[in-house]
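Consider the fold set out below.

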Amino acid sequence: MNGTAVQEPPAPASWRIALPHTAAAVPVARALVRTALTELEHAAADCDTAELLTAELVANAVEHTAGDAPIELVVELLPTSCQVEVHDPDPAPPGNLTRPLPEEPDPWQEHGRGLLLIRTLSSSCGHRTTDSGKAVWFRVPVVPAQWHRG
């Protein structure tokens, strides 16, 4: 051996929290994502982008699902990315998450750009059915610490 230490990638970590089915869930979800990403010791993801996309997913879940069942937020730190999932009770897939819009959104409308942001700013995104509805997810890449400007 040459004495060079091999740095192991950090073990995956995850957080799971039930959020109220109200607009109050959005800032709580953003704070959880920010906290989770600060746990990365040797790498970092784009916290601002992750927070923005999390806010979009949670707001969509609150706005587009009926009832008052909690929404669940899952944040998973993987070796090369951070994955955020929002679980809601509606099994219907989200609009145009993984396929292009037939037309550009109207820039004067207050709504209609959330899924476009998720598609554009994440490294990957999608949805899957669950036993209790669906999970909508996105990933943002993790950048090794040595690549950071300091």
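The account starts with conventions and then moves from the whole chain to single residues.

The model is predicted, so local features need pLDDT of at least 70 and side-chain atom pairs count only at pLDDT 80 or more, while totals for chains, interfaces and linings use all residues. Residues are numbered from 1 along each chain as its sequence is written, and side-chain values use heavy atoms, with hydrogens and water left out.

The chain holds three helices and six strands, where helices (H or I, at least four residues) and strands (E, at least two) are DSSP runs numbered from the N terminus. Read from the N terminus, the order of elements is β-α-β-α-β-β-α-β-β. Of the 150 residues in the chain, 35% are buried; buried means under 20% relative accessible area, exposed means over 50%, and partly exposed lies in between, with a 1.4 Å probe and protein chains only. Among contacts with a separation of 6 or more, 67% join residues 24 or more positions apart. A contact here means heavy atoms within 4.5 Å.

The strands come next. Strand S1 (residues 13-19) pairs with S3 in the antiparallel sense over seven bridges, and Ala18 stands opposite Glu72 in S3. Two strands are taken to pair if DSSP finds at least two bridges between them. Strand S3 (residues 71-77) also pairs with S4, again in the antiparallel sense, over six bridges. In that pairing Glu76 stands opposite Gln83 in S4. S3 and S4 form a hairpin, with three residues between them.

How many residues of S3 are buried? Five of its seven are, and S3 is mostly covered. For strand S4 (residues 81-88) the count is eight of eight, so S4 is largely enclosed by the rest of the structure. Both of its faces are covered: Ser81, Gln83, Glu85 and His87 are buried on one side, and Cys82, Val84, Val86 and Asp88 are buried on the other.

Val143 belongs to strand S6 (residues 133-144). With a relative accessible area of 31%, Val143 is partly exposed. Val143 and Thr80 are 63 residues apart in sequence, but their C-alpha atoms are 7.6 Å apart in space.

The helices can be taken in pairs. Two packed helices are described by the angle between their axes and the distance between the axes. Axes are lines fitted to C-alpha atoms, for helices over the stretch in contact, and angles run from 0 to 180 degrees between N-to-C directions.

The axes of helix H1 (residues 25-38) and H2 come within 9 Å and cross at roughly 150 degrees. H1 passes H2 in a right-handed crossing, meaning that the near helix is turned clockwise from the far one by less than a right angle, whereas anticlockwise gives a left-handed crossing. On the H1 side the contact is made by Ala25, Val26, Ala29, Arg30, Val33, Arg34 and Leu37, and on the H2 side by Cys47, Asp48, Ala50, Glu51, Leu52, Thr54, Ala55, Val58 and Ala59. By class, this contact of H1 with H2 has 11 nonpolar, one polar and four charged residues. Ala, Val, Leu, Ile, Met, Phe, Trp, Tyr, Cys and Pro count as nonpolar, Asp, Glu, Lys and Arg as charged, and the others, Gly among them, as polar.

Helix H2 (residues 47-64) also meets helix H3 (residues 114-121), with axes that come within 10 Å and cross at roughly 145 degrees. This crossing of H2 and H3 is left-handed. Thr49, Leu52, Leu53, Glu56, Leu57 and Asn60 in H2 are in contact with Gly114, Leu115, Leu117, Ile118 and Leu121 in H3. The residues of the contact of H2 with H3 divide into seven nonpolar, three polar and one charged.

Leu117 lies in H3 and is partly exposed, at a relative accessible area of 29%. Leaving aside residues up to four places away in sequence, Leu117 touches Leu52, Leu53, Glu56 and Ser122. The C-alpha atoms of Leu117 and Leu53 are separated by 7.2 Å, although the two residues are 64 residues apart along the chain.

Last come the cysteines. A disulfide is a pair of cysteine sulfur atoms within 2.5 Å, and by this rule the count is zero. Cys82 counts as buried because its relative accessibility is 0%. Cys125 also counts as buried, at 16% relative accessibility.
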